[in-house]
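Here are my notes on the charges and rings, in the order I went through them.

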Amino acid sequence: ISARRSTRVRVRKGLSKSSFYWTYQPIICLQTGKIVGCEVLARFEDKYGALFPDQFIPLIRKNNLTWSFTEVMIAKVLEELTALEALPKDFKVSLNIFPCDVEQGNVSLLPQITELTNSRFIICLEITEDEYLDTSIAHAHFRTLVESGFNLSLDDFGTGYSNLRNLQN
């Protein structure tokens with residue numbers, strides 16, 4: 001019972017049992033006051049209760065589940081947002097991407113996800129900066145993503161490993 005309730009096991013099982021869900025934080029245009037997009041935020045709850053991002057994100061990384069997590073997130077988010085017909089074609093959807101998935105080249109698979117590339121939304125990939133990212137490796141992947149129509153941004157710039165030199169690179 002203790003093993004089944006461990007946070008590590010809950011997170012691992014949570015990917016296949018739909019324990020993860022996503023909330024949408026609005027992005028508002030300051031000039032017009034209108035909602036122009038959203039940032040996708042991961043949440044977790046199972047029969048044992050909720051886990052906070054600072055509890056489950058490190059476990060996703062430690063257990064090499066980052067890409068599986070990202071694939072689940074993209075599929076579910078696109079399903080939910082596409083069903084909302086009131087969202088305009090140029091609605092911006094910001095998705096967090098793990099730096100390790102950039103360095104390992106997993107992000108190069110994103111242009112192959114037809115639901116993502118054929119989406120009516122502007123997809124912005126927010127690279128989280130709470131892990132070190134080798135800019136020389138990342139540069140080629142970023143170029144491919146931009147050429148495929150994705151926008152890129154740094155999430156929480158200045159709180160992790162990024163600095164102005166890395167941003168310039």
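1. Lys76 is partly exposed at a relative accessible area of 33% (under 20% is buried, over 50% exposed, partly exposed in between; 1.4 Å probe, protein chains only). Its side chain meets that of Glu79 in a salt bridge, 3.8 Å from N to O; the term means a side-chain nitrogen of Lys or Arg within 4 Å of a carboxyl oxygen of Asp or Glu. Both Lys76 and Glu79 belong to helix H4 (residues 66-82), three residues apart, or about one turn of the helix. Helices (H or I, at least four residues) and strands (E, at least two) are DSSP runs, numbered from the N terminus.

2. A caveat before going on: this is a predicted model, where local features need pLDDT of at least 70 and side-chain atom pairs count only at pLDDT 80 or more, while totals for chains, interfaces and linings use all residues. Residues are numbered from 1 along each chain as its sequence is written, and side-chain values use heavy atoms, with hydrogens and water left out.

3. How many salt bridges does the rule give? The count comes to two. Besides Lys76 and Glu79, there is Arg10 with Asp46, at 2.8 Å from N to O. Arg10 sits in helix H2 (residues 7-16) and Asp46 in strand E2, so this pair ties together parts 36 residues apart in sequence. Arg10 is buried at 9% relative accessibility, and Asp46 is buried too, at 18%.

4. Now the rings. The whole structure has seven aromatic pairs (ring centres of Phe, Tyr or Trp, the last by its six-membered ring, within 6.5 Å; planes under 30 degrees apart are stacked, over 60 edge-to-face, the rest tilted). Among them, Phe20 and Phe44 are edge-to-face, with 4.9 Å between centres and 75 degrees between planes. Phe20 is in strand E1 (residues 20-28) and Phe44 in strand E2, so the pair ties together parts 24 residues apart in sequence. Phe20 is buried at 5% relative accessibility, as is Phe44 at 1%.

5. Why is the pair of Trp22 and Phe69 tilted? Because the ring centres are 6.1 Å apart and the planes are at 45 degrees. Trp22 lies in strand E1 and Phe69 in helix H4, so this pair links parts 47 residues apart in sequence. Trp22 is buried at 6% and Phe69 at 4%.

6. Ring pairs also join things up: Phe20, Trp22, Phe44, Phe56, Phe69 and Phe98 are linked into a cluster.
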